[in-house]
Amino acid sequence: MPSVARFRSDPSTVLKQIIVSPSDDDYVDQLIPSIREFSHGNRTAQLLQELQSFTFEKDKEIERQCNANHQGFVSSVDHLSRIRGGTVSLSNEILELSEAIQASTETLVNQKKALVESRGVRQNIDEAKHALNDCLEVLRLANQVEELLREKKYYAALRALDELQSVHLQAVTQYKLSEIIQKSVPVTQKKIADTVMDDLNTWLFRIREMSQYLGELSFYHTSLRKDRLKQRSDKTPYFNNFKLNSAIELVADEHEEFDILNSEDLVVDFAPLFEALHIHQTLRQMDKFRLEYAQNRKIQKDLLLNTAALSLVEDDLAGLHTILEEIVGFAIIERATMKKVPDLRSSSDVDELWDSLNNTAIAHITRALPQVDNAEQLLKIKELILIYIQTVSTYKYNTTSMSNLLLTLFDKYTDLLNQRYSEDFLEIVSTDDYMPMPIQNSEEFEKVINVSWYTPDQPVSSIRFPTVFPFSQMYPLCCINIRNFLNQFYFFADDSFPNPAIIDTKLLTSLDNLLTTKVCNSLIDRLQSQYLGQVVQILINLDHFETACHELEALLIQARNQSAPLHTATTLNQPSRIPHSPNPSNNGTSHNTSPIHLKATTEFSTHQKTAESRIFELVNSKVSDLIDTADYDWSTTLPPISASEYLTALTQYLSNIMSSVLLSLPGELKNLMLFNAISHTASSILGLPMSDSVTRITSYAVKQLRRDVDEL
């Protein structure tokens with residue numbers, strides 16, 4: 001039989017769990033299962049008994065608590081009684097306060113009426129305050145405009161003035177202040193425009209003052225560009241084909257680009273111009289501004305060249321430097337202005353100023369040019385003008401008139417060269433000894449060959465010294481002068497000369513004139529000498545000058561088509577050849593191979609015949625003089641013993657001149673002269689017995705004549 005099931009817990013345990021329940025929900029959760037559990041076991045009475053015991057104990061505990069705190073309860077009741085009395089008193093006060101409030105309502109209504117009235121006054125005060133503030137703002141802006149003007153903030157002042165006129169004055173139009181300030185606005189605008197123009201004029205004055213330095217810098221950098229182009233040409237001959245300012249030169253020089261208006265040496269600030277332009281654009285007065293600016297620049301242009309008479313005889317050409325540098329500086333500013341402010345200056349205005357400046361400078365130079373009497377000084381002038389042309393060409397200015405001035409300079413330069421070398425040639429011809437030129441050693445020999453157009457018959461190494469040249473000293477000296485003359489001509493011309501063909505024409509004319517009138521004619525004049533040796537030397541010199549002319553013709557053709565610089569020879573100790581000369585074509589590639597003929601070549605050739613005739617004349621004259629001394633006795637009766645003395649002297653004379661004076665002549669010419677002399681001698685001797693004074697000839701006289709002929 002199974003045992004009775006054991007209760008999970010006794011009533012005391014259940015009661016403890018219920019008591020310690022943290023909340024009412026937990027209490028119910030504990031109580032309900034316990035009741036159900038005790039009801040199933042018919043132990044409900046036991047549970048109730050436990051609960052009653054618990055209740056009884058709690059009642060006793062409460063009683064004990066109440067007995068222990070009785071005084072506190074009594075005190076609380078007394079306190080509550082006092083509170084009730086305070087409440088009654090407070091209610092009375094509230095009633096009294098309510099009555100007081102009702103009594104003050106009437107006073108409040110009266111105050112409200114007064115408040116409504118004060119609001120109207122306040123609105124009027126506010127309106128007056130706003131009007132006053134608007135007027136104060138107008139006055140503040142007016143004062144701000146004046147302050148901005150004092151600080152030279154013209155555009156800001158103009159904007160403030162515009163704001164004042166278009167915004168703030170509109171709010172105070174009903175006041176007299178608005179009318180007064182409105183009338184002052186145009187005056188202030190004019191004041192701003194005038195002040196800006198004053199600043200611009202000051203800037204223009206400073207620009208004019210720095211024009212010369214700007215031009216000096218531009219000349220310097222043009223010279224640097226020329227040096228760089230020459231260095232490139234030395235390294236790469238292809239660059240010889242291109243001038244300064246050509247497209248190739250500009251591209252090759254790109255890495256050396258230089259802003260001349262903004263550099264370490266000089267900074268030109270265009271801010272005053274921009275500000276003046278901006279102000280006048282804002283004022284819508286651009287037409288007036290353009291006109292005033294153009295007039296100012298025209299006045300400055302007139303002042304630029306209002307200088308004393310120009311002198312071109314100074315070694316440093318300071319006056320010409322100043323004029324040209326100032327013009328270039330002025331022109332650079334004009335081009336920069338056109339670039340920075342395209343709408344300000346038209347091309348026609350700038351070109352008109354440029355033409356006026358250029359023509360005035362040309363007039364100054366032309367008036368001063370007659371003072372110059374030195375070719376080297378003209379070269380300096382030409383170099384400076386050429387730098388000027390190359391510089392302004394960079395800025396796209398027309399340089400035709402100045403290039404034409406170079407032609408004028410070249411004409412004067414040619415005249416001075418002709419004058420100088422005419423004197424030199426005449427001195428050489430007049431001081432020559434007309435004797436074969438003696439040479440002591442091979443060094444002297446080679447020096448003479450290097451400066452002369454002469455080819456020896458044998459190498460220098462096989463020549464025994466001392467020796468003589470066939471020509472006299474005048475020939476190599478004239479050759480040196482010819483070379484120097486050519487060099488001086490080509491020194492004037494370079495790749496920028498306006499018309500290279502003029503060089504050829506002038507050179508041929510001048511060279512022909514010098515060789516013909518100063519050398520050839522002078523030699524011909526000396527043919528009247530009675531000294532046979534001098535006449536023979538003149539003939540030999542004429543022959544060598546003809547050879548030199550042929551060489552010159554070939555040389556000038558070569559020089560026409562090449563562009564390397566010439567070398568200069570001034571003395572016999574400075575040998576020189578002229579390999580080529582700088583007479584460039586337009587692009588460095590086309591060559592003119594047309595022949596060049598010197599009239600002097602024909603003159604020297606023709607007058608060799610004159611010299612030969614003079615030699616014949618002198619020899620025959622001497623022969624005639626000797627024959628005139630013949631003393632034939634046509635009636636003699638004595639047989640001849642020996643040849644006549646005159647004939648012995650005659651043959652000795654012919655023999656001597658053939659082995660000395662005529663030795664340097666070509667063999668054919670010597671033979672011709674001997675033949676001519678003998679023919680003349682024969683004719684003269686045979687003419688003796690035919691004289692009208694001879695009336696009778698003996699046989700012995702004929703034998704004497706025959707003896708003389710045999711001797712001859």
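**Entry 1: Leu317 and the model**

I began with Leu317, which is buried at a relative accessible area of 3% (buried means under 20% relative accessible area, exposed over 50%, partly exposed in between, with a 1.4 Å probe and protein chains only). I noted that this is a predicted model, where local features need pLDDT of at least 70, side-chain atom pairs count only at pLDDT 80 or more, and totals for chains, interfaces and linings use all residues. Residues are numbered from 1 along each chain as its sequence is written, and side-chain values use heavy atoms, with hydrogens and water left out.

Leu317 has a phi near 50°, a positive value in a residue other than glycine. I found Leu317 in the loop between helix H10 (286-304) and helix H11 (318-340). Helices (H or I, at least four residues) and strands (E, at least two) are DSSP runs, numbered from the N terminus.

**Entry 2: Lys396**

I then turned to Lys396, where phi is near 65°, again a positive value in a residue other than glycine. Is Lys396 buried or exposed? Lys396 counts as exposed, at 64% relative accessibility. Its loop runs between helix H13 (375-394) and helix H14 (400-431).

**Entry 3: H13 against H14**

I looked at how these two helices pack: the angle is about 165°, with the axes 10 Å apart. Axes here are lines fitted to C-alpha atoms, for helices over the stretch in contact, and angles run from 0 to 180 degrees between N-to-C directions. H13 and H14 are therefore roughly antiparallel to each other (angles under 35 degrees count as roughly parallel, over 145 as roughly antiparallel, 65 to 115 as roughly perpendicular and the rest as oblique).

I listed some of the contact residues, including Ile385 and Tyr388 of H13 and Met402 and Leu406 of H14; contact means heavy atoms within 4.5 Å. By class, the contact of H13 with H14 has 15 nonpolar, one polar and four charged residues. For these classes, Ala, Val, Leu, Ile, Met, Phe, Trp, Tyr, Cys and Pro count as nonpolar, Asp, Glu, Lys and Arg as charged, and the others, Gly among them, as polar.

**Entry 4: H11 against H12**

My next pair was H11 and helix H12 (residues 347-368), which pack at about 175° with their axes 11 Å apart. H11 and H12 are therefore roughly antiparallel to each other. Among the residues that meet are Ile327 and Phe330 in H11 and Trp354 and Leu357 in H12. I noted 12 nonpolar, two polar and three charged residues in the contact of H11 with H12.

**Entry 5: the core**

Which residues have the most contacts inside the largest nonpolar core? They are Ile385 and Tyr388, in a core of 154 residues. Helix H18 (residues 532-560) gives the most to this core, with 14 residues. A nonpolar core is a set of buried Ala, Val, Leu, Ile, Met, Phe, Trp, Tyr and Cys residues joined through side-chain atoms within 4.5 Å.

Leaving aside neighbours within four places in sequence, I found Tyr388 in contact with Phe219, Leu324, Ile327, Val328, Trp354, Asn358 and Met402.

His544 counts as buried at 10% relative accessibility. Not counting residues up to four places away in sequence, His544 touches Tyr454, Pro470, Phe471 and Tyr475.

Last, I looked up the peptide bond from Phe465 to Pro466, which is cis, with omega near 0°. Pro466 sits in the loop between helix H15 (442-451) and strand E2 (467-468).
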